[in-house]
Amino acid sequence: MSSVATTTGILSGRYALATIGMVAIVGVAAFQNLAMTTVMPEISRDLDGETLYALAFAAPLAAGVPGMVLAGNWTDRSGGRVVAWVSAALFALGTAVVMLAPTMEVFLVGRLVEGFGAGAIDVVLYVLVARIFPAELHGPVFAGFAAAWVVPALVGPAVAGIVTETWGWHWVFAGALVIAVVSFALLVPTLGRLHAPAAALRPVWQRTRIGWSVGAAVAILLLNVAPDLGPWPRVAAVVVGVVGTWAALRPLLPTGTFRAAPGLPSVVLLRGLVAAAFFGSEAYVPFLLQSRHGLSASTAGLALTVAALSWAGASWVHGRVGEERLTAARTFGVGLALVLVSLVTALAVACLDLPWWVLVVGWFVGGAGMGGLYPRASMLTLRFSGEGDDGFASSALTIADASGSVVGLAVTGLLFVGSGGADAAWSFPLVFLAMIVIALLATAAVRRLGPVPPPAGAQRVA
């Protein structure tokens with residue numbers, strides 16, 4: 001470990017190729033996410049899977065949980081190079097299965113494989129930031145991750161909608177697969193800088209923790225399967241899913257996460273709650289605009305575009321404003337307020353039949369809130385962790401992110417299907433109302449944050 005004075009930026013000298021490679025990978029995830037949300041209503045109709053609508057989003061996130069845990073442990077042992085290759089191969093395989101899926105069941109299998117690989121590669125990216133970049137560049141790097149959403153946000157939903165309307169949704173995933181291969185190729189040279197630690201410093205295989213992660217994935221998926229069951233089996237699935245999710249996640253997250261203990265636990269809890277509220281709602285934004293306002297897939301995707309742009313813009317500002325002016329508590333408070341504005345706007349549009357553009361404006365505001373919340377949570381996660389446990393801390397944050405999103409989707413799926421689906425008057429309002437409640441719960445985690453340590457003055461050299 002050595003100290004290196006940092007007077008350069010993330011695109012200069014030895015950091016340039018690492019930045020470009022990682023940003024390209026995030027850009028692939030952005031395109032996949034925006035395209036999937038845009039065309040999923042068409043996929044659910046084509047494959048006769050409306051009751052499995054939420055599960056299509058939840059499956060990759062749930063599968064990502066064991067992917068993240070395994071990747072975190074494996075990365076701490078090996079450095080991360082092999083982990084990245086295996087993760088990328090699984091992501092590509094899953095995307096190929098999704099692209100060729102003839103039925104909803106095959107589509108979901110592909111999403112599971114794709115999600116496992118994506119969850120693992122997310123951990124590798126966080127470890128790359130922790131081990132290659134000095135602490136004072138973490139903010140700009142995470143701002144760069146947000147900026148990677150700009151181009152996909154500008155063209156992703158529109159392209160996905162046009163391709164779906166012209167040739168079919170299968171070709172959307174064919175394009176995503178090509179982009180993924182090219183992006184990973186850009187990251188390959190950087191992976192050589194992830195060296196394995198000395199044998200005496202390598203942590204043991206955490207088999208129990210990996211087992212709990214599989215249990216968490218199964219329990220979370222059970223919650224998302226519940227809407228497709230009969231009344232009593234649905235109740236049983238919900239009870240088992242809730243208890244199983246809570247029990248399995250406890251060993252995977254920092255001690256004290258569920259009681260918002262100060263430090264890393266409260267940061268992880270906040271990330272999970274915010275992800276649940278925002279992404280549990282976002283899956284239904286294009287659905288609402290298409291089913292109630294008659295918009296095409298490409299036009300409905302405009303809400304996702306403007307949210308991604310405001311997210312990137314807010315992250316850019318966050319990365320350039322000093323922590324003295326923009327404290328963690330202030331960043332989280334403002335971010336949550338903006339997210340709540342977007343959710344309340346969505347509820348108003350669903351209840352009062354307001355013009356579709358009102359929802360687009362509201363989602364733009366929510367994207368700005370997420371653009372402040374996410375990079376600050378990522379920065380604090382690395383701040384509260386050390387070189388020996390940055391794999392665990394990074395996997396914990398991404399687990400909370402994915403688990404929160406899946407639980408949010410499970411709640412919205414149960415409410416949406418239980419209230420009668422797209423044709424029922426109260427289905428969409430119930431979805432947004434429930435997510436408002438979850439966003440309000442996130443304020444408790446902010447109040448429990450505690451003192452934030454200053455950034456380290458030395459760079460850890462891999």
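**Exercises on ring pairs, domains and backbone**

Phe278 is buried, its relative accessible area being 1%. The model from which this value was computed is a predicted one.

**Exercise 1.** Classify the aromatic pair of Trp311 and Tyr374, and state which helices hold the two residues.

Solution. 
- Step 1. For Trp311 and Tyr374 the distance is 5.1 Å centre to centre, with 70° between the planes; the pair is edge-to-face.
- Step 2. Trp311 belongs to helix H13 (residues 302-320) and Tyr374 to helix H15 (residues 356-383), so their pairing ties together parts that are 63 residues apart in sequence.
- Step 3. Trp311 counts as buried, at 11% relative accessibility, and Tyr374 counts as buried at 9%.
- Step 4. Ring pairs join Trp311 and Tyr374 to Phe278, Phe279 and Trp363 in a cluster.
- Step 5. Tyr374 also has a charged neighbour: the charged end of Arg271 sits over the Tyr374 ring, 3.8 Å from the ring centre.

**Exercise 2.** Describe the interface of domain 1 and domain 2 by its contacts, buried area and salt bridges.

Solution. 
- Step 1. The division of the protein chain gives domain 1 (14-194), domain 2 (204-252) and domain 3 (256-451).
- Step 2. Between the C-alpha centres of domain 1 and domain 2 there are 24 Å.
- Step 3. On the side of domain 1, 15 residues are in contact with 15 residues of domain 2.
- Step 4. The size of an interface is often expressed as the accessible area lost when the parts come together. For domain 1 and domain 2 about 1300 Å² is buried between them, with 71% of it on carbon and sulfur atoms.

**Exercise 3.** Locate Thr164 and list what Thr164 touches beyond four places away in sequence.

Solution. 
- Step 1. Thr164 lies in helix H6 (residues 150-166).
- Step 2. With a relative accessible area of 12%, Thr164 is buried.
- Step 3. Leaving aside residues up to four places away in sequence, Thr164 touches Val39, Glu42, Trp169 and Val172.

**Exercise 4.** Ala260 and Asp353 each have a positive phi. State where each residue lies and whether each is buried or exposed.

Solution. 
- Step 1. Most residues other than glycine have a negative phi. Ala260, although not a glycine, has a positive phi of about 55°, and Asp353, also not a glycine, has a positive phi of about 55°.
- Step 2. Ala260 is placed in the loop between helix H9 (231-249) and helix H10 (264-282), whereas Asp353 is in the loop between helix H14 (328-352) and H15.
- Step 3. Ala260 is buried, with a relative accessible area of 6%. Asp353 is exposed, with a relative accessible area of 58%, because exposed means over 50%.

Terms used
Residues are numbered from 1 along each chain as its sequence is written. This is a predicted model: local features need pLDDT of at least 70, side-chain atom pairs count only at pLDDT 80 or more; totals for chains, interfaces and linings use all residues. Side-chain values use heavy atoms; hydrogens and water are left out. Buried means under 20% relative accessible area, exposed over 50%, partly exposed in between (1.4 Å probe, protein chains only). Rings of Phe, Tyr and Trp (its six-membered ring) pair if their centres lie within 6.5 Å; planes under 30 degrees apart count as stacked, over 60 as edge-to-face and the rest as tilted. A charge sits over a ring if NZ of Lys or CZ of Arg is within 6 Å of the ring centre and within 35 degrees of the ring normal. Domain bounds come from an automatic or database domain assignment. Contact means heavy atoms within 4.5 Å. Buried area is the accessible area (1.4 Å probe) that two parts lose on being put together, summed over both. A salt bridge is a side-chain nitrogen of Lys or Arg within 4 Å of a carboxyl oxygen of Asp or Glu.
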